[in-house]
Structures are given as C-alpha cells and as structure tokens.
Amino acid sequence: MAEKLAIDDGTPVLQRSDYKNWPIITDDDRRLVNEVLDSGILAGGTAPQVSALEKAWAQYTGAKYCLTTTSGTAALHMALAAVGVGPGDEVITSAFTFLASASCALHQNAIPVFVDIDARTYNMDPAKLEAVINERTKAIIPVHIQGLPADLDPIMEIARKHNLYVIEDACQAHGATYKGRKVGTFGDIGTFSLNNFKNLCGGEGGLFITDSETYLNKGVLIRCFGDEVDEVSHRRLYNASILGYMYRNQELPAALAHAQLMHLDERNEARIANANYLTRELSKIPGVIPPYCPPECKHVYFLYNVRFDPRVAGVDCEPRRFRIAVEKALYKEGALVGQWQTRPVPGQDLFQSKLGYGGSSYPWVVNEAKGIKYTYNLDDYPVTNELCDTYTIVHGIHPPNSTALIDKIVVAFHKVFSNLGQTLSHADDAIYPGADGKLYGTG
Ligand SMILES: Cc1ncc(COP(=O)(O)O)c(C=O)c1O
C-alpha cells in the first residue's frame, strides 16, 4: 500500500527542530566581539578589527589588499567606481544571479547587460559572452553562483581580448577555488558579502580585494565620501576629491567576521561533505538532478540546488507544474525547500520598465538618446528560464547539520518520488508558504 504523504495528512518525515541554525557562534566570536566592546572603539576606516579582518582576508585569499565595506553590494559598486565605469558604459553579468550583480552598474549610471547561463553549472556561459560585447562594454561581472566558481579561464581571455575590466562577484563563494586558486583573485577586483547567511558572516558587511594599489587607493576614497587624507598626519582633510559614498564597515561586524573566518575552511568542508553525501543519495532517484561541480572547481555550496525532470521521473507533466508539486509535497514532509531567484534578473520589473530612478528611464536614456535601444527580452535567456522553472533549493546543507539531517531529507525525497500520483494530485492547490529564508539560510 502507498505511504500516506504529509500533504494528505500523513506523518511528516522532518520536524523544524531537526534543523540547526546558521551561523555557528562559538567562544571565538564572543571573545572578539567583547574585545570591541571593551575597547570602546566601534568604528573607523583603520580601526583595529576592521584592519585585522582586512589583513586576514587578504592573507586567506592571496590578494595583496583588502577593504571591508558595509555590504557586498557596496563592494561591487565601489569596484565599478574604482575602475572608472561611468554613465552610458555597459556592464555584463549573468542572468541567474542576485539583483546586486546588476544594480551595482545602475548605481554608477552604467547599463547592465545579461548573458545566459551554462545548463550544468548555472554560471555565466562564456560561449555567449562575445555576442553581447560592443564598443560601449567596459566590464564583466562573473558571479560564482551558489558557491561554484564561474568558468574563469575563457572569461578572462575574452576580457583581455576586448580590454575589459573583470569584477568578480564572489558574494556567495568564500573559499571556493578555480584550478586551485581562490576566487576573487582572478579579476581586477573581487567582492564578497558578509551577510547573515553567507559562508563567511559578520551579520552584514562586505569585502573588496585587489592586487592593484591604484584600485586600493580609489577604493579607500570611494568608501569614505571621496575624502582625502593627509599623507603625513593621516588626518581627514574634509576635502572630497571625487564622488564617494559612506561604505565603511563597523568594528562589531568586522570582529564577528574575523572570528568566523577562523572556522571558514572547516565549515566549508562540512558543507561539501553534506552536499556530496546528498548528491550521492539523490542521484539514485530518477528525475532528480543534483548540482554539478566541474573537476577544476571547489564548490563551497552556499546554496544546494536540485532540478527536477518529470520525463525521467516517468510522469507526463509540464516541468514547472511538476517542480511546484514536488516542492510542495517535500515542504509538507518538513524538508525546507523553496526557490531563491524565481526568474532571470532581467525579468524583474526594474529592467522591464526601465524606471531606474523611480520614474525616469535613467541611465538607459543616456544611450537611448543616441538611438541605441535596450530591451530585456526573456527569450534571450532560455537556459535561465528553464532553470527557474525546474529548480529548488534544499536548505540545511550547512553545519552543524550533518548526515543525521541529510538522511531524513533523503527519506522525504524517496517518499515523495515513490508517490508521484499523490504528489501531482495537489499540483493545483494553493502555493505553500515557501522555506523560511530568514531562519534557514538563503541570502
Ligand atoms: C551574488 C550576490 N551578489 C551580491 C550580493 C550582495 O551582497 P549584500 O547583501 O551583502 O549587499 C549578494 C547577497 O546576497 C549575492 O548573493
């Protein structure tokens, strides 16, 4: 007799209490945070914890210089400003990413252009890159999506050929490597987020790394209002030489991120072990497609992505409908699953309406006034569209969760896939609430 699914009032496989939260807080965090409180120094561009984090992150990644910022978005914007991207320039990024990989260009009055993704890695497809490069293109922002490095060799080669800057969006990929080298160190500047959910967390915050003294110095200016500092006395002169912003990080998040960094490698290894175990088990279920990691990459699994193929699962169902039905049944079994991006970024209203500054069509109008037309046509991103129809995120891959949790998640998958008739009978019911990203680790 078929097992009764939780969606049909059967007993769920998992409870919320099976999931442990992220980040892990230890005495290292308490010690460094208390040092800040005891020191009485809470902020400052060269304050002790900010400087210590910058030194430690440069050392960890192998970059010459590091600046910590208020967020990953701030680091991305600072990077574009530091290399001199400006009004009317085009900046290329991936269609499957978080908004900030593209909105950082708008913040600099430049125009985001998107490329579709590779069907296995979900990263920018280098084979589609040259088709969108033109005389206005200034920079490429490869994103190391969900913790997997983008295919950097061909991207860097194309960038060199066309004389373009490369700003790596490594906001989801702390510690990931491409051919043995840490991501963030391939392009002109690398950027990272320190938000609550990231593999390296400071609550909020960001990191900007570079080997260029010029970009470092520009970054220091841009991070603090464009204010010049006297070279001898190190005092601020309150004379803005360029347009800057207020992107300075604070001592408490910097201290927390520094303490978390002491455990980054061990926690990444635990994520990788959980992910590999889950991949091994899910591969046994026809119609479930676990994430792929090319042999030259180290994937650090910020997010664990699975796709579903109804044909391989042996059912005749439209793929999007199938994914929603399976997601709903898994969720009712207590497995925290749910989508992250629900459409290609160029499909968001901001790009469809092009009302950049809440009513004006700036910055697109800079070039449209010269007769260049920008339309973000979703048909240009077929692989991203297909992914968005068919994927879900399996939460809980991070430590201290271990195989005890993963085993239960696997049981939930088997239960649902052994009862696809029951599962699909709920395909048209109201949408389930979705996994709670606040508690369980998206960003
Ligand atoms: C790919 C990507 N880029 C940029 C960002 C922006 O980072 P932050 O939230 O720290 O501004 C994020 C954060 O979620 C991200 O996932």
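This is a predicted model: local features need pLDDT of at least 70, side-chain atom pairs count only at pLDDT 80 or more; totals for chains, interfaces and linings use all residues.
Colleague: Which element gives the most residues to the largest nonpolar core?
Modeller: That core has 41 residues, and W57, L129 and L207 have the most contacts inside it. The elements giving two or more residues are α2 (48-61), β3 (111-115), α5 (152-161), β9 (206-210) and α7 (251-261). The top contributor, with 6 residues, is α2.

Colleague: And how many residues are in the other core, the one with L282 and I285?
Modeller: That core lies apart from the largest one. L405 and I409 are also among its members, and its count is 38 residues.

Colleague: Which residues does L129 touch, leaving out those up to four places away in sequence?
Modeller: L129 is one of the residues with the most contacts inside the largest core. With those sequence neighbours set aside, its partners are I92, V115, M124, I140, I155 and I158.

Colleague: Is Q146 buried or exposed?
Modeller: Q146 sits in the loop between β4 (137-141) and α5. Its phi is positive, near 60 degrees, though it isn't a glycine. Relative accessibility is 3%, and the cut-off for buried is under 20%, so Q146 counts as buried.

Colleague: What about F225: how does its accessibility class come out?
Modeller: F225 is in the loop between α6 (213-223) and β10 (227-229). Its phi is positive too, near 65 degrees. At 37% relative accessibility it falls between the 20% and 50% cut-offs, so F225 is partly exposed.

Definitions and conventions: Residues are numbered from 1 along each chain as its sequence is written. Side-chain values use heavy atoms; hydrogens and water are left out. A nonpolar core is a set of buried Ala, Val, Leu, Ile, Met, Phe, Trp, Tyr and Cys residues joined through side-chain atoms within 4.5 Å. Buried means under 20% relative accessible area, exposed over 50%, partly exposed in between (1.4 Å probe, protein chains only). Helices (H or I, at least four residues) and strands (E, at least two) are DSSP runs, numbered from the N terminus. Contact means heavy atoms within 4.5 Å.
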